Amino acid sequence: MNKLLQAFVIACLASFAAAETLVEAYGLGNARPVPEEWTKIDEILSVRAQIVDAATGRLIKEAKIGQKLRLTLDFYVQPGAEDRDIALQCSLYFYDATGETKGPELEDQPCYAGRLVDGLEQFRSLEFDMTFRPPMGAAMGTWAAVVRVDDTVLHGGVALAPTFRVKGN
């Protein structure tokens with residue numbers, strides 16, 4: 001694991017300090033999948049991450065080996081927020097059901113530049129559309145797509161980890 005990814009993992013895990021293992025921290029293995037998460041970067045800016053079926057766009061809890069999935073990211077701005085510049089960067093990696101890193105990894109990719117008013121009182125898609133498929137031989141159970149969204153204007157960010165269950169055909 002390269003040093004930047006290692007630092008990213010350590011930062012994400014800091015919020016899960018009470019958990020003893022990655023499996024517990026992210027709800028992997030036998031845990032119930034939670035395909036949608038959202039949280040606030042600050043009092044006015046929220047981010048949502050979802051695992052959806054790539055063909056239908058529907059939220060998905062369970063996927064078969066080879067099924068095409070998509071991670072979607074959106075932001076939302078609270079009513080009454082003062083407008084300002086917004087510049088978001090996104091990073092992504094996957095944990096399989098055993099807590100091993102798997103699949104594509106992306107680090108510090110620009111995923112939105114604009115104004116806060118762009119997402120005022122509505123979810124606005126980030127420019128970070130990631131598709132993936134559980135590969136042959138994938139560990140069965142609940143996986144996590146761990147994404148970090150950083151607001152480079154505020155110098156703050158959040159990590160979200162929507163989960164999905166990989167099951168056999």
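This is a predicted model: local features need pLDDT of at least 70, side-chain atom pairs count only at pLDDT 80 or more; totals for chains, interfaces and linings use all residues.
Reader: Which residue in β9 does Phe94 stand opposite?
Author: Residues are numbered from 1 along each chain as its sequence is written, and side-chain values use heavy atoms, with hydrogens and water left out. Strands (E, at least two residues) and helices (H or I, at least four) are DSSP runs, numbered from the N terminus. In β9, the residue opposite Phe94 is Ala145.

Reader: How many bridges join β5 to β9?
Author: Two strands pair if DSSP finds at least two bridges between them. Strand β9 covers residues 141-151, and β5 and β9 run antiparallel. The number of bridges joining them is 8.

Reader: Why is β5 said to be largely enclosed by the rest of the structure?
Author: Here you need the word "buried", which means under 20% relative accessible area, with exposed being over 50% and partly exposed in between (1.4 Å probe, protein chains only). Strand β5 is largely enclosed because the buried part of its 11 residues numbers 8.

Reader: Which cysteine does Cys90 join in a disulfide?
Author: A disulfide is a pair of cysteine sulfur atoms within 2.5 Å, and a search of the whole structure turns up 1. Its S to S distance is 2.1 Å. The partner of Cys90 is Cys111.

Reader: Where in the chain do Cys90 and Cys111 sit, and how many residues apart are they?
Author: Cys90 belongs to strand β5, while Cys111 belongs to strand β6 (residues 101-115). Both Cys90 and Cys111 are buried. The pair links distant parts of the chain, and the separation is 21 residues.

Reader: Is that disulfide of Cys90 and Cys111 right-handed or left-handed?
Author: Look at the torsion about the S-S bond, which is about 70 degrees. That value is why the disulfide of Cys90 and Cys111 is called right-handed.

Reader: Which residue of β7 is the bridge partner of Asp74?
Author: Strand β7 takes in residues 124-125 and runs antiparallel to β4, with 2 bridges joining them. The bridge partner of Asp74 there is Ser125.

Reader: How far apart are the closest N and O atoms of Asp74 and Arg48?
Author: These two form a salt bridge, meaning a side-chain nitrogen of Lys or Arg within 4 Å of a carboxyl oxygen of Asp or Glu. Asp74 lies in β4 and Arg48 in β2, so the pair ties together parts 26 residues apart in sequence. Asp74 is buried at 7% relative accessible area, and Arg48 is buried at 16%. The closest N and O atoms are 3.0 Å apart.

Reader: Are Glu62 and Lys167 buried or partly exposed?
Author: Their side chains meet in a salt bridge (3.3 Å, N to O). Glu62 is in β3 (residues 62-64) and Lys167 in β11 (residues 163-167), so this pair ties together parts 105 residues apart in sequence. With 37% relative accessible area for Glu62 and 32% for Lys167, each counts as partly exposed.

Reader: How many salt bridges does the structure hold?
Author: One of them joins Asp42 and Arg84 at 4.0 Å, N to O. Others share partners, joining Glu36, Arg48 and Asp74 into one network. The total for the structure is 11.
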